Amino acid sequence: MSSQHQYMTVNNSPSTRVGDIEHISHLSEHIGSLCLSSEYSDVTLVVEGQRIPAHKVILAASSDYFRALLYGGMREANQAEVELQAPLQAFKALLRYVYSGHMGLSLLREDTVLDMLGLAHQFNFQELEAAISDYLRQVLALRNVCSVLDAARLYGLDALMDYCYNFLDRNATEVLQHDSFLQLSVEALQGLLERDSFFAPEVDIFKAVCSWFNANQQWVKSESGMMQVEKILKCVRLTLMSLEELLTVVRPFALVTPDMLLDAIQEKTQTKSTDLRHRGLLLPEENVATPKRGARVISGDMRSALLDGDTENYDMERGYTRHTISDAPDNPGILVRLATSTIINHLRLLLWDRDNRSYAYYVEVSVDQKDWVRVIDHSNYFCRSWQNLYFEARVVQYIKIVGTSNTVNKVFHAVALEAMYTARVPPLCNGLVRPTQNVATVDLAAVVIEGISRSRNALLNGDTEHYDWEQGYTCHQLGSGAIVVQLAQPYMLSSIRMLLWDCDYRHYSYYVETSLNYWHWDMVADRTRDHCRSWQVIYFTPRPVSIIRIVGTHNSVNEVFHLVHLECPAQVEEPRDDPAAKKQRNERENARNAAGGSVSPERRTASPAGSARSVSSAGSVGSADDPPISAGIPPAETAKEAAENYEE
């Protein structure tokens, strides 16, 4: 046996075995020596008139394109010479890659690298295409971004094209003044001008476009060019320029017709600024409402607290920005000015939450403080703690938050504000989040407002395993009170899932109502005549919900209603996917069979669409003086007895 054989030891890699041999480098070296060699060659490739010896089997093994060309029954399969349309230097580099699996992109000229990208796309070398795209992203600069963008558009490389556009967005001012801008293709130029995030003074964009026209006169004067000129000019947003700029800069340019200029002036003077298509800075996933980014609070009391980033150290005396709540239509509220026009679609707002009070509010945005657009309207909804708000992406420079209600006093308190653009937008319906994950959790600032438990938020802690006679549930006395949970903000919900205490064979009856403000309640489940136990899955017509009230009406053992867990929306796709619900359904089916069919069919899990009732009593509303929810009730006790035991 040759001493050159190198056996892999068991410690080299967890995926190798004793006795495995790895000679990949030797194999690559031997096959690579055949590149551009006539030894064993069985086909000649003709590229730009030069004959290059090659080996069919190696080419076919590397690419579906060559496999179909040389062995797929095409006429080239029987030819000794095959002519290919490709740049010579790039094709030779591609052959070396095919034979060796190696390519040094940093050693090639940038135009050769772009030619390589085209060949990888043409001959369907997907891994090579992806590798070259990654390399181009790493070396992207002002000198080459426009040529890379054109190549990405030509070959349909969407990821690389988006990367180039984002680079151009971030460096818009510099790109407009760079010579490479003049080399953009018509399609790439039009795509760039249409982007709201290509943010620079519009007059500078117009001047750069004029320079592009001057540098591409041959195209402009062609038949196809004359048809495209107006389309490109319409991508320049003349309405964002001042009247002086329109008259002194735009008007003298021959390609701008009088009608185009008059239309721009008319639209500018007759349209609200909020309805114009603005450009804005785009910083994905970055909070732009920070002093570091140049944002500042220009209206409200105790202004320094809102943007300081401190979301922990606040109490009744400090750590928040506030304004007086009034019915005046021109209430300035809390006003934040961003450093420049910025594209955002997401706000995070922390309302003061050291007690159980609730707030109502709305949010408006503007680019000039003259015309405002209301993007969030929670003026009639009770909200608390962290607010995660989403809306259609807009160009914004001013953010106004106006409180309309506080359940304790007439002051609106905001602890923190974040503003950003995010691609991670949850499903929305009528401006409200339609969650897919459980939002009735402590982490998402939900809280138990009414109900008795040894642990304040045992109902929302997610523990569905550890509960017994003594702890792990929330309860209320039948005929008195209820269990009330308030979510942080209104959500568009259509399901709830609950776990009734089930450590024995007792059963319960109950009903469930939802509200937005403690004044008007909609019944979403009426199970007052059902015998229910363990898991309950309730589906109802989608509706805005911020408050959930569960009222027990019967317990087969005592006078207390016990609830272990609440989640919304239900974390099961269908009621039949819930094993506990299936078990309950089977028990009812068996009971119906035993009674000879006399038992009525199982009731629906939700009330019929449209069934609702108004309840004037809102129950307790949290305030700084509310007593803590901390008394426990074993299932055999009454609520009154449990409270007495807790006090002792």
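Two strands are taken to pair if DSSP finds at least two bridges between them. The model described here is predicted.

Strand 15 (residues 483-500) pairs with strand 18 in the antiparallel sense, over 12 bridges. Within this pairing, Tyr491 has Val545 of strand 18 as its bridge partner. Strand 18 covers residues 535-555; 15 of its 21 residues are buried, so the strand is largely enclosed by the rest of the structure.

## The buried side of helix 3

Helix 3 spans residues 64-71, and its buried residues are Phe66, Leu69 and Leu70. They cover an arc of only 80° around the axis, which means that they lie on the same side of helix 3. An α-helix has 3.6 residues a turn, so residues three or four places apart point the same way.

Among the elements that cover these buried residues are helix 2 (56-62), strand 3 (81-84) and helix 4 (88-100).

## Helix 5 against helix 7

Two packed helices are described by the angle between their axes and the distance between the axes. For helix 5 (residues 110-122) and helix 7 (residues 145-155), the angle is about 10° and the axes are 11 Å apart. Angles under 35 degrees count as roughly parallel, and helix 5 is therefore roughly parallel to helix 7.

Helix 5 contributes Leu114, Leu117, Gly118 and His121 to the contact, while helix 7 contributes Ser147, Val148, Ala151 and Tyr155. By class, the contact has 5 nonpolar residues, 3 polar residues and no charged residues.

Definitions and conventions
Residues are numbered from 1 along each chain as its sequence is written. This is a predicted model: local features need pLDDT of at least 70, side-chain atom pairs count only at pLDDT 80 or more; totals for chains, interfaces and linings use all residues. Side-chain values use heavy atoms; hydrogens and water are left out. Buried means under 20% relative accessible area, exposed over 50%, partly exposed in between (1.4 Å probe, protein chains only). Helices (H or I, at least four residues) and strands (E, at least two) are DSSP runs, numbered from the N terminus. The arc is that of the directions from the helix axis to the C-beta atoms. Contact means heavy atoms within 4.5 Å. Axes are lines fitted to C-alpha atoms, for helices over the stretch in contact, and angles run from 0 to 180 degrees between N-to-C directions. Angles under 35 degrees count as roughly parallel, over 145 as roughly antiparallel, 65 to 115 as roughly perpendicular and the rest as oblique. Ala, Val, Leu, Ile, Met, Phe, Trp, Tyr, Cys and Pro count as nonpolar, Asp, Glu, Lys and Arg as charged, and the others, Gly among them, as polar.
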